[in-house]
Amino acid sequence: MDTKGDKKGSKKEGNSERDKMGSKIDSQADSQVGTAGNDKMGSKLLTLFLSTLYISAFTFGGGFVIITLMKKKFVDELHWIEEDEMLDLTAIAQSSPGAIAVNAAILVGYRVAGAPGMLTAVIGTILPPMVILSVISVFYAAFRDNRIVALVMAGMQAGVAAVIFDVVYTLGKNVLKEKSMLAVLIMLGSFVAVRFLGINIVFVILIVGVIGAVKTLFFDRKGEKA
């Protein structure tokens, strides 16, 4: 009788040890998966920070230029964002209050890596101009009257004009690809309103936003139900 009891006891102890080993292996596997996920996120955030830092440091000419460089980096090179989605993010960044470069960084960063990505992209975007402008403000008098600096700025203006034209061509081509008469009319009407009629861009954005919302809520939904 004692022998049978000992066998049962040893069997239970063996099962208990196997259960402990199994749970230990599972916890180690979960820990490894979590570590790999953290490493992947850390690498992604580092790439995001360095990309936005580089883009911001070498961007001259305003928000539309930085959007072009963001598209080439995050859409064409890294493939983190689709081209149509980048067009939507551009529209949101343009129509939101504040600097378009920072708005775009917030949207792209959040889209890529959530709240940490948003904070990382914003820091990477604002750091170069903050440092550069701090230096320029200290030596402003010397920069203002320097002929070499004036010539450099004139050359930059020509380059910026080319980059902005590239933005217009790329985004306009995407609108034409949709083969939507309403989208084409909105694009042409907005250009005429701003360029020739002198209407404030804020009012134009609000009006076309309302038109887009009405189209989505009524016409597109009706088409889906049908």
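User: What counts as an aromatic pair here?
Analyst: Rings of Phe, Tyr and Trp (its six-membered ring) pair if their centres lie within 6.5 Å. The model is a predicted one.

User: How many aromatic pairs does the structure hold?
Analyst: The structure holds 3 aromatic pairs. In one of them, the ring centres of tyrosine 54 and phenylalanine 58 are 5.0 Å apart and the planes stand at 45 degrees, so this pair is tilted.

User: Is tyrosine 54 buried or exposed?
Analyst: Tyrosine 54 counts as exposed, at 55% relative accessibility. Phenylalanine 58 is exposed as well, with a relative accessible area of 56%.

User: And how are the rings of phenylalanine 191 and phenylalanine 196 arranged?
Analyst: Their centres are 5.9 Å apart with the planes at 85 degrees, so the pair is edge-to-face. Phenylalanine 191 and phenylalanine 196 are both exposed.

User: Turning to helix 7, which of its residues are buried?
Analyst: Ala183, Ser190 and Ala193 are the buried residues of helix 7. Seen down the helix axis, they fall within an arc of 100 degrees, so they line one face. The face turned away from that buried side carries the exposed residues Met181, Leu185, Phe191 and Arg195.

User: Which residues are buried in helix 3?
Analyst: In helix 3 they are Met86, Leu87, Leu89, Thr90 and Ala93. These residues cover an arc of only 165 degrees around the axis, which puts them on the same side of helix 3.

User: What covers them?
Analyst: The cover over the buried residues of helix 3 includes helix 2 (63-77), helix 4 (100-138) and helix 6 (147-177).

Key
Residues numbered from 1 in each chain as written. Predicted model: local features only at pLDDT ≥ 70, side-chain atom pairs only at ≥ 80, totals over all residues. Heavy atoms only, no water. Buried < 20%, exposed > 50% of the residue type's maximum accessible area, 1.4 Å probe, protein only. Helix = DSSP H or I, 4+ residues; strand = E, 2+ residues; numbered from the N terminus. Arc of directions from axis to C-beta. Contact = heavy atoms within 4.5 Å. Phe/Tyr/Trp six-rings, centres within 6.5 Å; stacked < 30°, edge-to-face > 60°.
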